[in-house]
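Colleague: I'd like to learn how to read the sheets, the helix packing and the ligand shell in this one. Can we go through it feature by feature?

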Amino acid sequence: MNATATEQLPVVVIGAGPAGLAAAAHLAGRSIEPLVLEAGVQAGAAVREWSHVRLFSTWGEVTDPAAEKLLAPTGWVKPDASTYPTGGDWAERYLQPLADVLGDKVRVGARVTGVSRSGRDRIVDADRATQPFTVYVQYADGREERLLARAVIDASGTWSIPSPAGGDGLAALGERAAADRISYRVPDLNDAAARSRYAGKRTAVIGSGASAFTALALLADLAKSDDGTGTHATWILRRGISGSTFGGGTADQLPARGALGLAAKAAVDDGHADAVTGFRTDAFERDDEGRLVLVAEDGRRLDAVDEVIVLTGFRPDLSFLDELRLGLDERLQAPVDLAPLIDPNQHSCGTVYPHGVKELSHPEEGVYLVRMKSYGRAPTFLALTGYEQVRSVVAAISGDHESAERVELVLPETGVCGGAGLFDQPAADDATDGGGCCAPAPDLIQLGTAAPAPSCGS
Ligand SMILES: Cc1cc2nc3c(=O)[nH]c(=O)nc-3n(C[C@H](O)[C@H](O)[C@H](O)COP(=O)(O)OP(=O)(O)OC[C@H]3O[C@@H](n4cnc5c(N)ncnc54)[C@H](O)[C@@H]3O)c2cc1C
């Protein structure tokens, strides 16, 4: 196929989440035909799975300007920009109307199972860059189809692959066999079945991000309620507790994000959760009653728990991109030029400067991983960052390189400094600044006696 014919093809967007739909809106705004392929039965399928979780971002921070422009003629009214949506609100009041206005440009029940270059496997160089992409789709009714695309924007997120509990990144011994008592999602405690699963029970929560904070706060609320007497959490952290463990607290420029960490701290301070630090899970065993005993790499064994909630992050599904020449960082599985900006081993502030097509390009021209997926395994993604990414990527696809390279966003500071990476180093190493972006590594603190981390920016 010649270059002119290829340019007549649609840009295939994988996933109808906030990123994919925003990308489609930007493409439509530049008169380029988008085709969004969504595996779920509705737009926003992943977001709907955590519909009970309230975002720490306001409505003002989670809608895309090009999408708003597309929605305006339909009479869509943007929700109060200062209020906080739940995942369900985000899906119903923004993503679904946006999918509706895009109409047949969004196909649901359409899972992408492979992407390649037409007639060229990964090895073949000849004429590679001028060939269109082939995109293999499996529909919910079992049909298969192969589509051609001029470019591919992979906005399929990371929700489908939660990380396991094992401290070495693999499922711990016995983890799979304990599946009946393990969840990898923040529970919806308004749901009667989920509530009875955790009410009055001892639950281990593994993880140290916003989702773990949310789960700890929800379990503490359950413990305080009439039907929750006896509910107790064991909070399992791979690292020690430091000034940055609870996020930026009141120094976070996103107050609701800061408040999540403070709620987790309150759960511990009020006795609804015990924190176990430096615990890298090695195995799940059962006691005589079938409850789970967690064993650490250093041999420590915890008291048995009824349930475990593993919230150790997510991973990108790269399986269907195997025939493409991607340039991915070996640690994060994020684009190589983006990785240094977001690598928690080096970049301890959690604050990322805005970026676009320059950081998101691969050796394979015309394919882009955006938003949640572009962060690979890095945990600090913000919706705002993703909208800027898709604006820049779509500008590049349209040939508007000046716009593609322009940065149009100021991001809020997390208020977390000197996180010192992912692993507590031996004492001798603590004297260094951990490669952080703005402050020395924080001292370990005693729970209940110290204030949250100081602001990065101040
Ligand atoms: C509980 C939770 C709370 C969060 N809160 C905030 C917040 O307050 N503020 C903030 O800025 N960010 C927040 N985030 C982070 C981020 O903004 C969201 O995860 C957001 O949904 C990411 O958008 P996305 O479009 O990149 O991916 P997703 O929303 O995950 O969408 C990806 C879509 O692709 C589809 N898909 C997957 N694989 C395929 C395939 N092979 N073929 C076709 N379709 C496929 C999925 O079904 C899904 O609909 C939160 C994340 C979580 C999990």
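Modeller: Two strands pair if DSSP finds at least two bridges between them. Helices (H or I, at least four residues) and strands (E, at least two) are DSSP runs, numbered from the N terminus. This is a predicted model, where local features need pLDDT of at least 70 and side-chain atom pairs count only at pLDDT 80 or more, while totals for chains, interfaces and linings use all residues. Residues are numbered from 1 along each chain as its sequence is written.

Colleague: What is the strand order in the open sheet of five strands?

Modeller: The order is 3-2-1-7-15, and the pairing is parallel. Strand 3 (106-107) and strand 15 (367-369) stand at the edges with a single partner strand each, so one side of each has no neighbour in the sheet. Strand 2 (residues 34-37) runs parallel to strand 3 and is joined to it by two bridges. V36 has V106 of strand 3 as its bridge partner.

Colleague: Where does a positive phi turn up in the hairpin of strand 12 and strand 13?

Modeller: At G290, with a phi near 85°; the hairpin has five residues between the strands. Strand 12 (residues 281-286) and strand 13 (residues 292-296) pair in the antiparallel sense over five bridges, with F284 opposite L294 of strand 13.

Colleague: On to helices. How do I read a packed pair?

Modeller: Two packed helices are described by the angle between their axes and the distance between the axes. Axes are lines fitted to C-alpha atoms, for helices over the stretch in contact, and angles run from 0 to 180 degrees between N-to-C directions. Here, the axes of helix 7 (residues 210-224) and helix 8 (residues 255-269) come within 8 Å and cross at roughly 50°. The two helices are therefore oblique to each other (under 35 degrees is roughly parallel, over 145 roughly antiparallel, 65 to 115 roughly perpendicular, and the rest oblique). Contact means C-beta atoms, placed from the backbone, within 7 Å; among the residues making it are F213 and L216 of helix 7 and L260 and A264 of helix 8.

Colleague: At what angle do helix 2 and helix 12 pack?

Modeller: About 35°, with their axes 9 Å apart. The contact includes A19 and A22 of helix 2 and Y387 and V390 of helix 12. Helix 2 also lies across strand 1 (11-14), strand 2 and strand 7 (151-154), running at about 170° to strand 2.

Colleague: Last one: how many residues surround the ligand?

Modeller: There are 35, and the closest are G15, G17, A19, L55 and G157; a residue is near a molecule if its C-beta atom, placed from the backbone, lies within 6 Å of it. Among the elements giving two or more residues to this shell are helix 2 (18-29) and helix 12 (383-397). By class, the shell has 22 nonpolar, ten polar and three charged residues (Ala, Val, Leu, Ile, Met, Phe, Trp, Tyr, Cys and Pro count as nonpolar, Asp, Glu, Lys and Arg as charged, and the others, Gly among them, as polar).

Notes:
Contact = placed C-beta atoms within 7 Å.
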